[in-house]
Amino acid sequence: MSNYQVNNTNVNALISWIEQGIVAIPEIQRPFVWKPSKVRDLLDSLYNDYPVGYIITWQNPDARLKDGTISHGKKILIDGQQRVTAIMAAIAGKEVVTKDYSKRRITIAFNPIEETFEVQNPAILKDKRWIPDISEVFKQGFDTFGFINRYCEQNLEISNNKLNEILQKLTSVRYSSIGVIELAHTLDIEIVTEIFIRINSAGVNLSQADFAMSKVSVNDIYNGPLIRKTIDYFCHLIKSPSIYDNIVQNDEEFAQSEDFKKIKWLKEYNTNIYEPSYSDLLRVSFTFKFLRGRLSNLVSLLSGRDFETREYKEEIIEDSFKKLHDGVLKFVNETNFKRFIMILKSAGVINSKMVRSQNALNFAYTLFLLLREKNVNDSLINQVVRKWLVASIMTERYSGSPESMFDFDIKRFAVHENPIDYVNKMEAGELSNAYWDNIMPANLNTSVSSSPYFNLYVMSQIYDKDKAFLSKSVTVQQLIEERGDVHHVFPKKYLQSNGYNSNRQYNQIANYAYTEQVVNLAIKANSPKEYMALIKAQINGQQMKIGEINNMDSLEKNLKMNCIPKSIFEMKSSDYEGFLEERRKLIVEKIHDYYNRL
């Protein structure tokens, strides 16, 4: 049996299918992304009888109901959503949802004299040659005879017969042919998922999460649209609380739901530490509730698949939607989310740039929710989540095959009665003395300022409330919050003038330190020996030239918290390589100590 069938339908039939719910647009968590000009071009192609590509549909696999009958699900629109939405907008006059969740019309105008389409604009509205909105022509009961008479009276260059001919051609767009590729309902879920992911829709590569969201969206029996909207609106509100009013105005039904009440708190909340996408929210909710790491498994479960018998059962669909909904509500819960953010802050994470691995954050929240579900002691949850997050960043645990690691780790945390036991096992295997003595120092030998290892060092400084390099009162955290920059302990210009000309040489992260700009400007292009001599002089009562440190005890403490070796007082360009090696060891010691105290 073929995996698919190729058929033809027409625009009219397609609109009818959508309105009757025979084919479901999955609303793949992104508003309408086409520019209005692209809608115009699509109408022009249909008018001129040009091919406009195929749409691809797939019917849910057969699910056996409790009474023994077979349920044939809706057909899901796998590819072609943007084209179908464009047709609905232009011909049927439907509104589309914009990026900020406001609704608006995309109105296409038509000039019968020149037989051209254009996006409606103020100039067109003043020009009698244009039909300002073609959807009026397609409405049932449109007075064609009266319209022709009025139009020709105002535009003498076209005859009644010619205009009638052109209007017939325009309205025949509804009978334009559109190819439909129907994927067999007997296809294995994994195959359909792969087909879905390989399709490129409007230049946007689709993912496992997209397909899972499409499965959620089309199941209105088990609150699929409600779950989809809760996920979607949460992820947009966390980034842009200002769209709250648009949601209330344009989705009144959802605004009255209990789910919306559970995310209303976002309208007055701002954080840039953890801003999950719909994919992140879906992954965390799924992994936490189902104790699985592969999103393809979620697609199978939402389709009712029994992994043992390979059959599709309605009770599995019902249970899967119930569990997913619960997981989503636990994710968006105000108390849960804010407590997780506080844990991140308590580990020294104060903005999103400090953790490059979104998957490390995702698993940390997954772990938090799992431990809350298991009624683990709150203080132990804080400790375990902090340590696991930092360890994940150090070992880049979720950078290679994140789904496999998610699956591996969540299953083991689930079975360990005391979660710290699994943390200890991980430490024994991943964070041995060899790691601290060899691997971590080697990882610090890089010029990439966004390195996770440099970020770990900065997190340790924030955790310890360290002062910035050569600052008496300004902390590293304050500099970061004010968008301060890192500077060079051995000034870049000084190194360049002494033969260190490549970025990799002078931009080593072991040469970086958060420093006040006024301190950096005062250091200029002097060697450490030269500028440290000026600081020594001001400690001895001479004029303050660099920062505000005026006693040796404060200076020594400042050097220690910034991992600057004591030998800095005598260092010149010839000491640079030795300085880097020595400072890497001090940074490792600081991170190690910080990790042990989490």
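Visitor: How much space lies in the largest cavity?
Guide: This is a predicted model, and the values are computed from it. The structure holds one cavity of 30 Å³ or more. The space in the largest cavity comes to about 50 Å³.

Visitor: Which helix gives the most to the lining of the largest cavity?
Guide: The lining consists of Leu-14, Leu-42, Val-52, Ile-55, Arg-83, Val-84, Ile-87 and Ile-178. By class, these residues divide into seven nonpolar, no polar and one charged. The helix that gives the most, with three residues, spans residues 81-90. That helix is α3.

Visitor: How many residues of α3 are buried?
Guide: Buried residues of α3 include Arg-83, Val-84 and Ile-87. Gln-81 and Ala-90 are buried in α3 too. The helix is mostly covered, and the count of buried residues is ten of ten.

Visitor: What is the volume of the second largest pocket?
Guide: Start with its lining, which has 18 residues. They divide into seven nonpolar, seven polar and four charged. The volume of this pocket is about 600 Å³.

Visitor: Which element gives the largest share of the lining of the second largest pocket?
Guide: Nearest the centre of this pocket lie Asn-351, Lys-353, Ile-480, Arg-483 and Tyr-514. Two elements give two or more residues to the lining: α23 (452-463) and α24 (476-481). The largest share is three residues, and it comes from α23.

Visitor: Is Lys-465 buried or exposed?
Guide: Lys-465 lies in the loop between α23 and α24. Its phi is positive, about 55°, although Lys-465 is not a glycine. Its relative accessibility is 64%, and the cut-off is over 50%, so Lys-465 counts as exposed.

Visitor: What is the phi of Asn-223 near?
Guide: Asn-223 lies in the loop between α9 (208-217) and α10 (224-237). At 41% relative accessibility, Asn-223 counts as partly exposed. Its phi is positive in a residue other than glycine, with a value near 65°.

Visitor: Is Lys-229 buried or exposed?
Guide: Lys-229 is found in helix α10. Leaving aside neighbours within four places in sequence, Lys-229 is in contact with Phe-234, Asp-251 and Phe-254. Its relative accessibility is 19%, and the cut-off for burial is under 20%, so Lys-229 counts as buried.

Visitor: At what angle do α14 and α16 pack?
Guide: Two packed helices are described by the angle between their axes and the distance between the axes. Here α14 covers residues 278-290 and α16 covers residues 314-332. Their axes are 8 Å apart, and the angle is about 115°.

Visitor: In the contact of α14 with α16, how many residues are nonpolar?
Guide: α14 passes α16 in a right-handed crossing. Among the residues that meet are Leu-281, Val-284 and Phe-288 in α14, and Leu-324, Val-328 and Phe-331 in α16. By class, the contact has three polar and five charged residues, and the nonpolar ones number nine.

Visitor: Which elements do the buried residues of α6 pack against?
Guide: Helix α6 covers residues 144-154. Its buried residues are Gly-146, Phe-147, Ile-148, Tyr-151 and Cys-152. They pack against β9 (108-111) and α7 (160-171).

Visitor: How far apart in space are Val-385 and Ile-420?
Guide: Val-385 is found in helix α19 (residues 378-395). At 1% relative accessibility, Val-385 counts as buried. Leaving aside neighbours within four places in sequence, Val-385 is in contact with Phe-340, Ile-343, Ala-364, Leu-367 and Phe-368. Val-385 and Ile-420 are 35 residues apart in sequence, and their C-alpha to C-alpha distance in space is 9.7 Å.

Visitor: How far apart in space are Ile-195 and Lys-590?
Guide: Ile-195 lies in helix α8 (residues 189-198). At 27% relative accessibility, Ile-195 counts as partly exposed. Leaving aside neighbours within four places in sequence, Ile-195 is in contact with Leu-183 and Leu-187. Ile-195 and Lys-590 are 395 residues apart in sequence, and C-alpha to C-alpha their distance in space is 49 Å.

Terms used:
Residues are numbered from 1 along each chain as its sequence is written. This is a predicted model: local features need pLDDT of at least 70, side-chain atom pairs count only at pLDDT 80 or more; totals for chains, interfaces and linings use all residues. Side-chain values use heavy atoms; hydrogens and water are left out. Axes are lines fitted to C-alpha atoms, for helices over the stretch in contact, and angles run from 0 to 180 degrees between N-to-C directions. Helices (H or I, at least four residues) and strands (E, at least two) are DSSP runs, numbered from the N terminus. A crossing is left-handed if the near helix is turned anticlockwise from the far one by less than a right angle, and right-handed if clockwise. Contact means heavy atoms within 4.5 Å. Ala, Val, Leu, Ile, Met, Phe, Trp, Tyr, Cys and Pro count as nonpolar, Asp, Glu, Lys and Arg as charged, and the others, Gly among them, as polar. On a 1 Å grid over the protein atoms alone, a cavity is a set of points where a 1.4 Å probe fits but cannot get out, and a pocket is an open set with protein on both sides within 12 Å along at least five of seven lines; lining residues have an atom within 4 Å of a point. Grid points are joined across faces, edges and corners, and a volume is the space filled by probe spheres set on the points. Buried means under 20% relative accessible area, exposed over 50%, partly exposed in between (1.4 Å probe, protein chains only).
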